[in-house]
Amino acid sequence: MKKFESIRQAQKVASKSIRNGTFRWLEAGAEDNFTTELNIEFLNSVKFIPKILSKNKDLQIKKKFLGNFISSPLILCPMGHQTQFSKLGEIETCGGIQNIDTVGFFSTQGRQSLSNIRKKNKNAKLVWQIFLFGDKNWILSQIKNAQKNNCMALSICLDAPLRSHRYMDREIDYDARKFGKRTQPEPPDVSKALDYDWEIIRWIKKKTNLPIILKGIINEDDAFLAKKYGSDMLWVSNHGGRMVNSGISSGEALIKIKKKLKNSIPIIVDGGVRRGSDIAKYLSLGADYVGIGRPAIYGLIIDGKKGVKKIFSILNNELKTFMINSGCKNYKDLNTKRLIIPKI
Ligand SMILES: Cc1cc2nc3c(=O)[nH]c(=O)nc-3n(C[C@H](O)[C@H](O)[C@H](O)COP(=O)(O)O)c2cc1C
C-alpha cells in the first residue's frame with residue numbers, strides 16, 4: 001500500500017493507482033468542471049480570524065446525528081458505482097465509516113445492494129438514498145429496503161434527473177457503467193425522475209417514519225419548499241459540481257439558505273472539502289454537518305476500508321487542531337463573527 005498523509009497526497013497516489021479513465025470519472029464535473037473548482041475556490045476565499053489564550057484543552061469534536069453520537073460532524077456523501085474503484089466498492093467504504101464511527105450515505109446508484117452493505121457492516125450508521133428512477137411502487141420498495149436494513153434515515157437525491165455532460169469523460173469516451181461488478185439491480189426507469197414534483201416528497205413522508213433528508217438544494221426557494229414539504233434535514237450541495245455547471249458554489253448557496261431559514265432546520269453541506277480548515281469554515285457559515293465525496297474514494301482506491309478510515313482520521317485531526325489553534329472551545333465558537341466572507 002502506498003502511503004498518504006494528506007488529502008492532496010491521497011489524490012495523487014490514487015490517480016496513479018487506478019485506470020486513467022476511472023480516475024477522470026471520479027474527478028469530473030459538469031461540462032468543464034467550472035463549478036467543481038468553484039467549491040474549492042470559495043472555501044479558499046473565506047478567511048477565519050483566530051483568537052488566542054482560549055483555555056481549550058478539553059475541546060471535543062464529537063457531534064450528535066439524529067440522536068447518535070458520531071466522531072465528528074464529518075460524514076460520507078452518497079456516491080454511485082463504487083466497485084469501479086475497488087472490488088467490493090461500497091462494502092469497503094462502509095467498513096471505513098463504521099470504523100471511524102460516522103454516518104455513511106449509500107444510494108440506489110451504488111453497485112452493492114443495501115443488504116450486502118449491511119450484512120458486512122452490522123454496526124454501521126447508514127442512510128439509504130433513493131434516486132427517483134422508478135414508479136411509486138419501486139420507490140416504496142426502496143423505502144422498505146431502508147427500513148429492513150436498519151437505516152437511520154432516508155435521503156432523496158433531487159439534483160440529478162439526467163446524466164450531465166462531462167467533458168473529462170466525453171473526450172475519452174469513458175462509460176462508468178462498463179467497469180466493476182454489481183449486486184444491486186439498476187433502477188427500473190430513469191425517465192420517471194422527470195415526472196415528479198414536490199408532491200412526491202409529501203407522498204414519501206406519508207409512507208415512512210424515517211427522517212427524510214433532501215439532497216441537492218442550492219436555491220433558497222427550494223430550501224424553503226424542502227422544509228415546507230417535510231424534509232427533516234437539508235443537504236446543501238451541487239453534487240460536487242457534477243450536474244449543473246451553474247457557477248454557484250455550495251458555500252455561497254449555504255450563506256443564502258442560512259439567511260432564509262436561520263436555525264430552523266439542520267443543514268448538511270458538501271463540496272470541495274480537502275482540509276480540516278474547510279470543515280471549520282463550513283461549520284462557521286452555519287452548517288451542522290459536512291460531507292466528503294471524492295476524498296473518501298481516494299482512500300478507497302488506495303487501501304479499501306483502511307484507506308477510507310484514514311481519510312476521515314486525517315480530516316478529523318486537522319479539524320481539531322485548527323479549532324484549538326484558532327482559539328475555539330467548542331462548535332459555538334465557529335460562527336460568522338470569526339469570518340471574513342467575500343461579497344456574493
Ligand atoms: C463518483 C461520484 C458519485 C456520486 N454519486 C452520487 C450519488 O449517488 N448521489 C448523490 O446524491 N450524490 C452523488 N455524488 C455527489 C456527492 O454525494 C457529493 O455531493 C460530492 O461528491 C461532494 O463534493 P466533493 O467530491 O468535492 O467532496 C457523487 C459524487 C461523486 C464524485
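These legends walk through a few close-up views of a predicted model. Residues are numbered from 1 along each chain as its sequence is written, and side-chain values use heavy atoms, with hydrogens and water left out. Local features need pLDDT of at least 70 and side-chain atom pairs count only at pLDDT 80 or more, while totals for chains, interfaces and linings use all residues.

**View 1. Lys125 and Asp101 form a salt bridge.** Here the side chains meet at 2.6 Å, N to O (a salt bridge is a side-chain nitrogen of Lys or Arg within 4 Å of a carboxyl oxygen of Asp or Glu). Lys125 lies in strand β6 (residues 125-131) and Asp101 in the loop between α4 (90-100) and β5 (103-107), so the pair ties together parts that are 24 residues apart in sequence. Helices (H or I, at least four residues) and strands (E, at least two) are DSSP runs, numbered from the N terminus. Lys125 is buried at 17% relative accessible area, whereas Asp101 is partly exposed at 30% (buried means under 20%, exposed over 50%, partly exposed in between, with a 1.4 Å probe and protein chains only).

**View 2. Glu199 pairs with Arg202 within helix α8.** Their salt bridge spans 2.9 Å, N to O. The two residues sit three apart in the helix (residues 199-207), about one turn. Glu199 is partly exposed, at 39%, and Arg202 is partly exposed too, at 38%.

**View 3. Salt bridges link Lys3, Glu5 and Lys310 in a network.** Lys3 and Glu5 meet at 3.8 Å, N to O. Lys3 counts as exposed, with 57% relative accessibility, and Glu5 as partly exposed, with 48%.
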